[in-house]
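Subject: Structure for your review

Dear colleague,

Please find the sequence and structure below, followed by an account of what was found. I would be grateful if you could read the two side by side.

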Amino acid sequence: MSEKKNIAILGSTGSIGTQALDVVRANTDTFVVEVLTGNGNADLLIKQAIEFNPNTVVIADESKYKQVKDALQPHDIKVFAGKKAIAEVVEMESIDLVLAAIVGHAGLESTIAAIKAGKQIALANKETLVVAGELVTELAKEKGVNIYPVDSEHSAIFQCLAGEFHNPIEKIYLTASGGPFRGKDKTFLSSVKKEQALKHPNWEMGAKITIDSASLMNKGLEVIEAKWLFGLKAEQIDVIVHPQSIVHSIVQFTDGSMKAQMGLPDMKLPIQYAMGYPNRIKSDFPRFSFFNYPRLTFEQADTKTFRNLALAFDAMNKGGNAPCVLNAANEVVVEAFLKDKIGFLEMSDVVEKCLQTIDFITKPSYDDYVATDKETRRVANLKI
Ligand code: NAD
Ligand code: MG
């Protein structure tokens with residue numbers, strides 16, 4: 001019998017975090033929760049801690065520290081507060097695997113700290129690789145750390161590559177649902193509101209990634225994520241719109257053979273695969289029926305209407321700190337869109353202006369990424 005895996009779940013109160021806890025709940029003989037962290041939702045964090053009895057809990061929002069501390073005192077669970085504390089607790093000796101499920105640039109520091117401490121990583125926080133892909137993948141190599149993708153498309157590629165790691169990839173096809181606005185034109189998009197953008201046809205996710213999916217920025221971020229995870233060049237990555245979200249992505253090898261990974265759209269599957277790798281764990285997730293999906297369809301992405309995908313390819317090709325600029329500007333505009341301060345199409349305009357104006361750095365250090373992020377946010381906010 002193998003030993004249990006001790007897991008730190010960063011962002012346990014979010015969409016990925018709560019589904020990861022569903023996986024743990026169904027597999028208590030395989031996984032133990034060592035650390036839970038949340039940002040503002042103290043009530044849920046407390047509830048999770050009481051159920052899973054971790055060694056340590058961190059609440060990023062320091063104003064909620066007393067509430068969490070008092071609630072967990074009788075349970076003998078250590079409580080810390082603040083963003084720095086998240087990057088510190090991941091170093092705990094008892095942790096085997098860190099699930100990085102914080103949203104946005106905010107997840108970068110703790111993911112890097114976990115890699116430095118030699119922890120295996122299950123990576124949901126795609127922004128980490130968008131912002132600092134070169135630095136993060138070099139560090140992981142140096143430390144002998146594996147980064148297991150949680151993002152469904154990247155999990156699909158990874159699953160297709162199992163047993164093929166020695167075979168070169170010719171290209172990959174990342175599938176995209178197309179989101180709620182697939183097929184719409186600019187006139188329609190100019191007046192859409194957040195309520196419409198938040199209704200994703202196939203996936204239930206956090207607000208930021210749901211808006212990113214509607215604007216195709218999510219696919220742009222995923223192209224950059226794939227580049228770093230699988231060591232690919234831009235011309236080896238293609239995006240194909242597949243509205244049913246059943247084929248999660250495809251690898252094409254040098255002999256022309258293609259492998260796809262399929263299944264119902266349920267994030268618990270890629271989360272569990274990343275947490276359990278190399279083992280597949282028996283699950284009771286709903287099974288796919290061909291007769292519920294008599295047609296699987298594929299079409300080209302409309303990058304003229306949804307400019308974010310083209311902007312992401314541009315930023316990737318430019319390299320350096322350009323993807324960091326793309327990400328920071330996007331985080332600002334998504335937040336503004338969620339507050340009804342900016343229109344749907346204007347989001348791409350602001351991202352593009354930031355890419356044109358922020359100083360370019362060819363080989364950024366960690367501090368350069370932090371500075372680029374800060375400066376881009378300042379400039380983006382001026383343009384809203
Ligand atoms: P979410 O908004 O539901 O949850 C985010 C989590 O991060 C919460 O626990 C929140 O408390 C925490 N958090 C937010 N800001 C923080 C900060 N400044 N400091 C510390 N903690 C903070 O987001 P999500 O949908 O679960 O997405 C998480 C990550 O996973 C994102 O990078 C997203 O792109 C990626 N992802 C999500 C899905 C999905 O289905 N939800 C799928 C693929 C990839
Ligand atoms: Mg995805």
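A network of salt bridges links Lys126, Asp151, Glu153, Lys219 and Glu222; a salt bridge is a side-chain nitrogen of Lys or Arg within 4 Å of a carboxyl oxygen of Asp or Glu. This is a predicted model, in which local features need pLDDT of at least 70 and side-chain atom pairs count only at pLDDT 80 or more, while totals for chains, interfaces and linings use all residues. Residues are numbered from 1 along each chain as its sequence is written, chains are lettered from A and ligands numbered from 1 in the order in which they are written, and side-chain values use heavy atoms, with hydrogens and water left out.

**Ligand 1**

Ligand 1 is surrounded by 24 residues, the closest being Thr13, Ser15, Asn39, Glu127 and Gly206; a residue counts as near if one of its heavy atoms lies within 4 Å. An N or O atom in the side chain of Glu127 is 2.6 Å from an oxygen atom of the ligand, and a backbone N or O atom of Gly206 lies 2.9 Å from an oxygen atom of ligand 1.

The whole structure holds 24 salt bridges. One of them joins the side chains of Lys268 and Asp22 (3.9 Å, N to O). Lys268 belongs to helix α12 and Asp22 to helix α1, so the pair ties together parts that are 246 residues apart in sequence. Helices (H or I, at least four residues) are DSSP runs, numbered from the N terminus. Asp22 counts as partly exposed because its relative accessibility is 29%.

Arg25 and Glu51 also meet through their side chains in a salt bridge (2.7 Å, N to O). Here Arg25 is in helix α1 and Glu51 in helix α2 (residues 42–52), 26 residues apart. Arg25 is partly exposed, at 42% relative accessible area, and Glu51 is partly exposed at 45%.

Yours sincerely

Note on methods: A polar contact is a pair of N or O atoms within 3.5 Å; within protein, one must be able to donate a hydrogen and the other to accept it, and residues adjacent in sequence count only if both atoms are side-chain atoms. Helices (H or I, at least four residues) and strands (E, at least two) are DSSP runs, numbered from the N terminus. Buried means under 20% relative accessible area, exposed over 50%, partly exposed in between (1.4 Å probe, protein chains only).
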